[in-house]
Amino acid sequence: MALLDQSFFHYSLLSHYLLGPPTFIALRFFQFPYGKHKRLGWGPTIPPPSAWFIMESPSILLPLILFPLGQHFTNPKALVLMSPYLLHYFHRTFIYPLRIYQSTSHQNTKTTIGFPLILTFNGFLTQALNTYIQARWVSHYKSDYDSDGGLFWWKFFGGLVVFLWGMRINMWADTALLVLKRESGGYKVPRGGWFELVTCPNYFGEIVEWLGWAVMTWSWAGFGFFLYTCSNLVPRACANHKWYLQKFGEDYPKNRKAVIPFLV
């Protein structure tokens, strides 16, 4: 049984690395139909707040199931290490969908095109795979909690600073976009703060978060998640940047990058 579990974990981790490059390439030419790129023809839809709750829910549920099964379940370091991941996804699972709901309700309008159910299912599976990898690594397969010569806390707090900085950027940008859309009743050019540097500071913040997570875990699991996040969010940000340029033309700042300040 242990050998089967180990093989499943290793193949799951390998799949993370193998899925990254084709995801990046595909999203350079095609965007999933939600947000600015929403369009008809993708089957049944559900309200976006419900979709986000369903997609992100494995990140809260799976650690509750997997942690008691891990050999490090009672190790305080494992619990501390997992806490930033849970903090991020508590916000994404419960707080963020509620804020979307409140924002759309405040406009007193109904979304003409909901979130495709097939994408919700795909997001649920993707999140389940990633959370399994991260939670199983932290709770069971990480083997150097007590043999790293005290480096655990240096890596943890160093990565935590990066993680919290990214989370702050991500939450600030999400708030700014929700407020702007609510006040204007549609899409407008975001201005101020990180928006002066990049079109998608929310994506930039999330990339920074998972870079911090990779440092905290110091593992192939954490680094794989960081790379997969980049393969998903960088092309999405580039597509959003192109969308803004096409929609607003000369009114959109030409020196603004898509997602990485001064670079991309």
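A crossing of two helices is called left-handed if the near helix is turned anticlockwise from the far one by less than a right angle, and right-handed if clockwise. Hello everyone, let's keep that in mind as we go through this predicted model.

I'll start with the pair that needs it, α6 and α7. Helix α6 covers residues 151-184 and helix α7 covers residues 201-217. Their axes come within 7 Å and cross at roughly 165°. Angles over 145 degrees count as roughly antiparallel, so that is how α6 and α7 run relative to each other. And the hand? α6 passes α7 in a left-handed crossing. If you sort the residues of this contact, you get 17 nonpolar, six polar and four charged.

Now for some annotation. An unreviewed UniProt entry places the feature "transmembrane region" at residues 12-30, 82-101, 113-133 and 153-173. In the model, residues 153-173 are 100% helix, with end C-alpha atoms 30 Å apart. Residues 82-101 are 100% helix too, and there the end C-alpha atoms lie 28 Å apart.

Next, please find helix α5, residues 117-141. I'd like to show you two of its partners.

One is helix α1, residues 2-27. The axes of α1 and α5 come within 10 Å and cross at roughly 130°, which makes the two helices oblique to each other. This crossing is left-handed. On the α1 side, the contact includes Phe8, Phe9, Leu13 and His16, and on the α5 side, Tyr132, Ile133, Trp137 and His140 are among the residues they meet. By class, the contact of α1 with α5 holds 10 nonpolar, seven polar and two charged residues.

So which side chains meet in a salt bridge here? Asp5 and Arg136 do, at 3.1 Å from N to O. This pair links distant parts of the chain, with Asp5 in helix α1 and Arg136 in helix α5, 131 residues apart. Across the structure there are five salt bridges.

The other partner is helix α3, residues 58-66. Its axis and that of α5 come within 9 Å and cross at roughly 35°, and the crossing of α3 and α5 is right-handed. From α3, Pro58, Ser59, Leu62, Pro63 and Leu66 take part, meeting α5 residues that include Phe124, Thr131, Tyr132 and Arg136. The residues of that contact divide into eight nonpolar, four polar and one charged.

Do look again at Arg136: it pairs with Asp5 in the salt bridge, and Arg136 is also one of the α5 residues in the contact with α3.

Technical notes. Residues numbered from 1 in each chain as written. Predicted model: local features only at pLDDT ≥ 70, side-chain atom pairs only at ≥ 80, totals over all residues. Heavy atoms only, no water. UniProt positions renumbered as here; feature names shortened; annotations may be inferred. Helix = DSSP H or I, 4+ residues; strand = E, 2+ residues; numbered from the N terminus. Axes fitted to C-alpha atoms, helices over the stretch in contact; angles between N-to-C directions. Parallel < 35°, antiparallel > 145°, perpendicular 65-115°, else oblique. Contact = heavy atoms within 4.5 Å. Nonpolar A, V, L, I, M, F, W, Y, C, P; charged D, E, K, R; others polar. Salt bridge = Lys/Arg side-chain N within 4 Å of Asp/Glu carboxyl O.
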